[in-house]
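I opened this notebook to keep track of what I looked up, entry by entry. The entries go from strand pairing to salt bridges and then to a helix contact.

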Amino acid sequence: MQRCKFAIALTAFVFALSAPLCADQKPLTLPDILAWKRLQTPVISNDGLWFAYKLVPNDGNSQVVLKNIQTGAEQRFDIGEVPRPNPLNPGAMEMMAVPARDVVFSDDSKWLAYEVHPTQSEGRQLKKQHKPLENKLVLVELATGKKTEFDRIRRFSFSGERATAIALQRYPNQPAGPVAGAPAAQGGSASAAKPDDKPQGTDLILLDLASGEELNLGNVSDFAFDKKGNWFAWIVDAQDKLGNGINLRNMTTGTVSTLDSAKAVYKSLNWTEKGDALAVLRGVDDKRWEDKVYTLVAFKNFSENGAPEKLVYDPAKDQSFPAGMAIAAERRPAWMADLSEVTFGIHELKPKEQEKGRGPGARAAAAAKPAADASNSADAKDAAAAKPDDSEDKPDLMIWHWKDSRLQSMQQVQENRDKNFSYLCAWIPGENKFVRLASPELKEVALPAEAKYGMGSDIRAYELEANLDGKRYQDVYKVDPKTGERKLVLRKARWVQGSSPDGTHVLYYEDGNFFSYNFETGESHNLTKPVPAVFIDTDDDHNVVKPPTRSMGWSKDSKYVLLTDKWDIWKVPADGGEAVNLTGDGKKEKIRYEQIWKLDPDDKGWDLAKPLYVRAYGEWTKKGGIGVIDPDKPGIKMLHWDDASYANLLKAKNADVFAYSRETNQEYPDFYAAGNLLADGRKITDANPQQKNFLWTKGVKLVEYTGIRGDKLQGALYLPANYDPQKKYPTIVYIYEKLSQGANTYPQPGFNGFSVGYYTSNGYAVLTPDITYKVNDPGISSITCILAALKAAEATGVVDPNRVALHGHSWGGYQTAFAVTQTKAFRAAIAGAPLTDMISMYSSIYWNTGSANQPIFESSQGRFTGGYWDNMAAYIRNSPVYHATNVQTPLVILCNDKDGAVDHTQGIEYYNTLRRLGKPVVMLEYVGENHGLVKPEDMKDYTERMKEFFDYYLMDKPAPKWWTDGVPLLKINDELSARAKQEQKGAGATAEATPLK
């Protein structure tokens, strides 16, 4: 095997002299880790006087902390057990990225509202009783600290910028849909209504914050304040649709009016951003269709002197509206900013099935029969009611066709999206004109409220191929919102970066350069050809030709686009012209200006008239910092630049008060408050003061080596808490791809398997190396880099070469499984959810998305140039299972039965092969778990077993019996119960043990 050259390079050595080893410090245990906290959803009040956040332990109940930034006074409020987000749930990461909705300051900075969840014990009890978990809402008056609690609140909102009130919507008294398992009602009574016909309204409290007066509104299904807080609109959805409609309250005068009312269902309430117009959908049943048929009801010209103008668009009265289609309730209608149009979605209607005994044929048959005897009519009804459903039994079948653009499994995952899909359309009230913007030929059209033109995307010609090889193309169209006219502007574009805020330009990348297309002039401009920088991501080692660096977005006025060459940030005119290097020294000083913080969530683009605050990272020093780019002054001024990392920056909306987080490998990322230059920051949080009681890593050494492509690489070597330069230490090599950038980040103790903080506290060194790859050799590349990094780390004198273990999860699990077939350098290894057979994995399914793995192999992490039939030797030489006979390292495999990323059979195939060869291997299968563990009890168990395994091989501690002897199925419950009891006693979970020989 080709070996990497390496160079010992102690380019950075952070030693914690400020945290001397104390006699009473102890190593972390699992109970200590469970109590370790994370600071979540930080928010700063608009006046800059208050700061609030959630303090969430790894396991257990949480608190909201409220801090007065000026005085330092602090209040803490218990909020129960915060639900743990599942990262494998679609949309979960997106939800984690949005601003907090459960800890909120009022816009006038006088109030704080936060949600309270059931405690951990209460939640467990409610789940056992099959009862719903319901939240409370607590309102805190900031000036006095007075706290008011409201039970059973599922949603809340302050009244916009005026902040005179808060709306509190309660949970329903009973589930809105039918009780699970209940028999279907007979006949056509209200009790037999479909779930979406059930009234969705619940009680809502509108609380006046000044007086404390409560206005109780019944049967509210949806509500919204306009942005300024002048108006409050709500939808009534009551039993039998009595009183249903949309109501409006003037928040200044208290006057309530009904904007529209009917025996109908109202949905999708939506204000304009300015609060000058409102739109909603009104739906009624139609005997021809399964779906409700909706009408658009829109309002504008709100004033205190009279009712707003009501505008109604009824598709049934418009001959231009597509037959067999209707307005879709799943897409909220939206006014354009100039109030010239209202956009909405349409979808196909599903015809009602003809009931037996109904319709012309049934009537004719009935007329031909003699009338039934009246005395037998009741018997006939009873017999009909007693008869089982005589509909034809149908097989459960899916037909997988080679021409399907999406696999059937992918269609299953995306079923709800497909069901709720709608085509974007518009209505021009002034002309009473319907405009169709999207259609089956152009399904996706984006039209922001401020845009002059829509941007359409057509992937039909490329979708099948994209789902085979991962190369995703699209045809891009300019769409006129006034006429629906479309014009093809880009054909087979791979990297489309999106349109400008005003909808006049689209940014795209092609063959090493960024271009813009001007919808108004029809001209395309090469933006980066004259720029003295390279916008090809040369660090990207996937099977992609000339991959782009990323765009950092448009300016607010749509005149410029901000681009990065992965070092500096460039301001480039939208129609071409002289570019300006805003940062200036990134490439020269090897500083990556990675991110511009969005300090005003309402901004649609970067406001170049204001300072831009930028996150910086030193490629080889690992330093971190925050810089500022002043308007019209190219060149960045560094406000912070040191051996630390700065991940968060917040600004008070109405004051020059900032809050930023700073972390090191010694210090938790607590927040500091400062002015606009971020000088003399005052620490305003202290998430884990207990850290001083525990042994902690003594810092990080950086080691340098050369990768398989001849590139310079680094590894971060975390020193053990009890580090003595005269000693060598057992070491765990933790791998994925590039990890050295974490050298100055905080090693948060965790309990989902491996944790740097946990192991360094317990006397281990930890090496996290960078790995780069050659196409068609992901496994060979990884082991080459890993061994080079390990050799460089051993040369520091820290690592005991006879006591080194290897661990990684997912892609890191694959590399671990492969590494032990190529080297004897590791005394033990744990492969979490590993790929093991690249041939079978290539054509299996990524069940979490329903897509094939083929695109991942050819255009993403797999890094192969094609399928295995064209490159069989490469697939075989990089597959662990084909080299299993070489394995001599004791191996644990984590392989969960519901893994939707790496198919369960991958772990089983490798385990069975190793078992057949008589190799020391144990497979841990957590039933019902996906690609990663989510159940706390499983996370704890895996953490403990991992520690026991590594302690046995690297620390000469007794071996756990589950490793030496296994556990029969009939005894696993007893073994788990015994471990749980030991955990409760705090005595650790080490089972009956055998010493290492």
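I looked up Val43 and found that its bridge partner in β4 is Ala52. The model is a predicted one, in which local features need pLDDT of at least 70 and side-chain atom pairs count only at pLDDT 80 or more, while totals for chains, interfaces and linings use all residues. I number residues from 1 along each chain as its sequence is written, and side-chain values use heavy atoms, with hydrogens and water left out.

I then followed the strands around this pair. β3 and β4 are antiparallel partners over six bridges, where two strands pair if DSSP finds at least two bridges between them. The names follow DSSP runs numbered from the N terminus, with helices being H or I of at least four residues and strands being E of at least two. β3-β4-β5-β6 is the order of an open sheet of four strands with antiparallel pairing. Because β3 (37-44) and β6 (74-80) each have a single partner strand, they stand at the edges, and one side of each is left without a neighbour in the sheet. On average, neighbouring strands here are turned by 20° against each other, direction ignored; the axes are lines fitted to C-alpha atoms, for helices over the stretch in contact, and angles run from 0 to 180 degrees between N-to-C directions.

Next I turned to another sheet. This open sheet of four strands runs in the order β39-β40-β41-β42, with antiparallel pairing. Its edges are β39 (591-596) and β42 (637-642), each with a single partner strand, so one side of each lacks a neighbour in the sheet. Neighbouring strands of this sheet are turned by 25° against each other on average, direction ignored. β39 pairs with β40 (residues 612-618) in the antiparallel sense over five bridges, and Ile596 stands opposite Val614 in β40.

How many salt bridges are there by this rule? I note 48 salt bridges, each being a side-chain nitrogen of Lys or Arg within 4 Å of a carboxyl oxygen of Asp or Glu. One of them joins Asp59 and Lys940 at 3.3 Å, N to O. This pair links distant parts of the chain, 881 residues apart, with Asp59 in the loop between β4 (50-57) and β5 (62-68) and Lys940 in helix α17 (residues 936-955). Are Asp59 and Lys940 buried or exposed? I found both Asp59 and Lys940 buried, where buried means under 20% relative accessible area, exposed over 50% and partly exposed in between, with a 1.4 Å probe and protein chains only.

I also checked Lys683 and Asp670, whose side chains meet in a salt bridge at 3.7 Å, N to O. Lys683 lies in strand β46 (residues 682-683) and Asp670 in strand β45 (residues 670-674), 13 residues apart. Lys683 counts as partly exposed because its relative accessibility is 45%, whereas Asp670, at 3%, counts as buried.

Last, I returned to α17, which packs against helix α19 (residues 972-985) at an angle of about 90°, with their axes 12 Å apart. That makes α17 roughly perpendicular to α19, since angles under 35 degrees count as roughly parallel, over 145 as roughly antiparallel, 65 to 115 as roughly perpendicular and the rest as oblique.
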